[in-house]
Amino acid sequence: MSKLRVALAGCGIIARQHLEGYRRSGRAVVQALIDTREDNSAAFAKEVGGSPKIFTDLSQALEWGEFDAVDIMTPHDLHYDHALECMKANKHILLEKPMAMNKRQCEKLLTAGEDHVKLNEKVFMIAENSQYWPEVVKVQDIIKSGRIGDVYFAKAAYWESTVNSPFPKRVDDSEHWEFTPS
């Protein structure tokens with residue numbers, strides 16, 4: 001079986017976790033790195049190994065096209081446009097969360113994604129992976145077993161400090177998906 005040829009769009013912190021997943025699977029090879037900062041891509045290329053081609057623009061990478069899938073880990077406000085661009089280029093897509101910045105964009109992206117999957121036989125997946133965490137699976141098993149009775153309400157939280165985040169605020173919170181009324 002041939003390995004899936006992947007382009008990593010965004011070479012920040014999360015890219016290292018995705019790279020580790022690809023390495024563990026043994027079923028993918030990183031063909032391209034895409035980051036607006038070429039120095040980021042060049043440094044990350046050393047961690048990736050091999051000879052991934054480096055791009056500073058997603059459009060240029062898609063034009064080159066020597067990969068099957070794009071793993072989109074760019075800043076959140078770019079996810080929507082980048083996903084649509086990758087669909088037009090007929091690529092498999094793993095899109096880091098959040099998928100878009102507001103409900104309207106999410107709905108449009110889901111509709112486009114359904115068409116992309118059906119018409120092109122491609123994968124379109126949002127990286128909502130918490131349902132696979134061992135602690136979440138364990139809680140689901142406990143609930144399904146009936147051991148704790150009927151569950152009427154549950155709330156869980158995951159918190160990560162952004163106080164020292166190197167990333168500037170890029171969006172108006174009133175349009176952010178978390179603050180958009182459903």
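This is a predicted model: local features need pLDDT of at least 70, side-chain atom pairs count only at pLDDT 80 or more; totals for chains, interfaces and linings use all residues.

Of the 182 residues of this protein, 33% count as buried, where buried means under 20% relative accessible area, exposed means over 50%, and partly exposed lies in between, with a 1.4 Å probe and protein chains only. Residues are numbered from 1 along each chain as its sequence is written, and side-chain values use heavy atoms, with hydrogens and water left out.

Let me turn to the overall architecture. The protein has six helices and six strands; these are DSSP runs, with helices (H or I) of at least four residues and strands (E) of at least two, numbered from the N terminus. Read from the N terminus, the order of elements is β-α-β-α-β-α-β-α-β-α-β-α. Among contacts with a separation of 6 or more, 59% are between residues 24 or more positions apart, a contact being heavy atoms within 4.5 Å.

What lies in the largest nonpolar core? This core has 23 residues, and those with the most contacts inside it are Val70, Leu95, Leu109 and Phe124. By nonpolar core I mean a set of buried Ala, Val, Leu, Ile, Met, Phe, Trp, Tyr and Cys residues joined through side-chain atoms within 4.5 Å. At least two residues each come from β1, β2 (28-34), α3, β4, α4 (79-88), β5 (92-95), α5 (103-120) and β6 (124-126). Helix α4 contributes the most to this core, with four residues. Leaving aside residues up to four places away in sequence, Val70 touches Ala7, Ala9, Leu58, Leu62, Cys86, Lys91, His92, Ile93 and Leu94. There is also a second, separate core of 13 residues, which includes Val6, Leu33, Phe44 and Ala45.

I now move to the charged side chains. How many salt bridges does the structure hold? There are seven, a salt bridge being a side-chain nitrogen of Lys or Arg within 4 Å of a carboxyl oxygen of Asp or Glu. One of them joins Arg16 and Glu47 at 3.0 Å, N to O. Arg16 belongs to helix α1 (residues 13-25) and Glu47 to helix α2 (residues 38-48), so this pair ties together parts that are 31 residues apart in sequence. Arg16 is partly exposed, at 33% relative accessible area, and Glu47 is partly exposed at 37%.

Another salt bridge is formed by Glu66 and Arg5, at 3.9 Å, N to O. This pair links distant parts of the chain, 61 residues apart: Glu66 is in the loop between α3 (58-64) and β4 (69-72), while Arg5 is in strand β1 (residues 4-9).

A further pair is Lys97 and Glu96, whose closest N and O atoms are 3.2 Å apart.

The protein exposes about 12300 Å², of which carbon and sulfur atoms supply 53%; accessible areas come from the Shrake-Rupley method with a 1.4 Å probe, and for residues only the protein chains shown count as cover. Thank you for your attention.
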